[in-house]
Amino acid sequence: MSTFSAPRGTYDLLPPDSATYLAVRDALAAPLRRAGYGYAETPGFEHVELFARGVGESTDIVTKEMYTLTTKGGDELALRPEGTASVLRAALQAGLHRSGVPVKLWYSGSYYRYERPQKGRYRHFSQVGAEAVGAEDPALDAELIVLAVDGYRSLGLRGFRLLLNSLGDTVCRPAYRAALQDFLRGLDLDEETRRRVEINPLRVLDDKRASVTERLAAAPLLRDHLCEACKTYHEQVRELLTAAGVAFEDDPRLVRGLDYYTRTTFEFVHDGLGAQSAVGGGGRYDGLSEQLGGPPLPSVGWALGVDRTVLALQAEGVALGLPTATEVFAVPLGEEARRALFEAVTELRRAGVAADFAYGGKGVKAAMKAANRSGARLAVIAGERDLAEGVVQLKDLVSGEQAPVRLGELVAGVRAALA
Ligand code: AMP
């Protein structure tokens with residue numbers, strides 16, 4: 001018999017750890033749901049062209065990291081490497097912007113990048129994301145950043161920092177791009193980086209290699225080339241964040257690995273994570289809709305990494321207060337009791353109590369062991385004599401105390417004991 005392992009760069013989410021992932025997803029999404037963001041779900045794969053155009057032909061994601069496939073029908077598809085292009089595509093396709101902007105959407109799902117696997121960097125990972133489509137308003141940029149911060153804080157995360165930058169717009173970026181290119185052409189860079197200088201010079205600023213960063217010390221910064229409109233816009237975002245009690249660090253070199261960003265750009269980093277320190281990021285992407293063939297729809301969004309948020313919680317030693325999976329565990333002694341307690345368990349569940357049952361015809365000892373392992377606070381135990389008297393035994397697994405409860409009053413009895 002052969003056994004299989006999950007593919008390289010992937011991992012399985014299984015109990016008990018999986019409960020933390022679900023809780024993190026819920027916590028990151030909760031602030032969005034309270035702020036008028038509606039849930040969006042798009043396919044796990046799209047036409048390759050959507051990402052080539054949407055994410056950028058010169059990005060690592062598109063050139064190296066996409067899982068692409070040709071279908072039997074000849075379609076060129078790619079597993080989604082990120083969420084923004086898909087969600088914007090879906091919003092445009094449905095014409096959501098025609099019934100009012102901004103269109104505010106949130107999503108949660110799996111993303112795929114063929115990256116070199118390491119701690120915090122996987123080939124299959126999970127994000128919660130949000131996009132506000134069709135409005136240019138610094139308050140919208142600030143809203144999204146505040147919602148991300150509130151999500152992290154609600155989990156008890158403290159050691160994250162917000163890096164903030166503006167990438168300018170079509171008015172001021174071209175001149176800066178040319179100035180940066182001039183500077184970069186004068187440097188001694190490797191072949192691939194030189195090519196990047198010609199295609200997308202801003203991305204060179206994102207290079208993390210010491211040999212490159214050293215040479216960039218004197219590089220011109222977009223901050224010094226922003227047009228008045230971009231400057232004012234950015235200043236407003238900064239003021240709104242400050243007013244909301246959100247601390248940030250200006251990072252004039254922050255560019256991020258996707259081509260579509262304009263103006264506001266940000267990243268959340270966590271210092272307990274080592275090399276893969278980005279727990280989330282996003283920004284404004286005013287030109288993306290047109291790049292995808294849609295009308296002008298200035299937009300802003302972010303994606304937060306669920307895997308890395310879980311790692312950040314571990315790094316800080318934060319344990320989430322998760323609800324108990326099982327509150328009551330039923331232990332039947334004999335056939336008649338099995339039937340009666342199966343019914344009782346069903347009734348408890350329907351009344352909203354998390355209840356489980358000793359399946360597999362176990363003996364009492366094994367059944368009690370299962371009850372303890374389940375983490376349940378209470379065991380409901382019944383044998384023939386109990387049933388003859390119309391009662392079951394309710395045992396507190398922490399204190400060891402046990403008392404009979406009338407079968408017809410089990411739900412009330414359990415509620416009282418759990419309160
Ligand atoms: P991006 O879509 O690249 O802006 O990434 C947004 C967030 O997703 C990052 O800040 C990470 O937290 C997370 N992320 C991106 N790529 C990976 C990966 N390969 N493995 C785990 N998390 C990732």
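Mentor: Buried means under 20% relative accessible area, exposed over 50%, and partly exposed in between, with a 1.4 Å probe and protein chains only. We are looking at a predicted model, where local features need pLDDT of at least 70, side-chain atom pairs count only at pLDDT 80 or more, and totals for chains, interfaces and linings use all residues. Residues are numbered from 1 along each chain as its sequence is written, and side-chain values use heavy atoms, leaving out hydrogens and water.

Trainee: What makes Tyr152 and Phe268 an aromatic pair, and of which kind?

Mentor: Rings of Phe, Tyr and Trp (its six-membered ring) pair if their centres lie within 6.5 Å; planes under 30 degrees apart are stacked, over 60 edge-to-face, the rest tilted. The search of the whole structure finds 11 aromatic pairs. Here the centres are 5.2 Å apart with 75° between the planes, an edge-to-face pair. Tyr152 sits in helix α5 (residues 138-154) and Phe268 in strand β9 (residues 262-270), 116 residues apart. Ring pairs also join Tyr152, Phe160, Phe266 and Phe268 into a cluster.

Trainee: How do you know whether Pro298 is buried or exposed?

Mentor: Pro298 has 18% relative accessibility, so Pro298 counts as buried. Its C-alpha is separated from that of Leu28 by 24 Å.

Trainee: And why is Arg373 called buried or exposed?

Mentor: Arg373 counts as exposed because its relative accessibility is 66%.

Terms used. Helix = DSSP H or I, 4+ residues; strand = E, 2+ residues; numbered from the N terminus.
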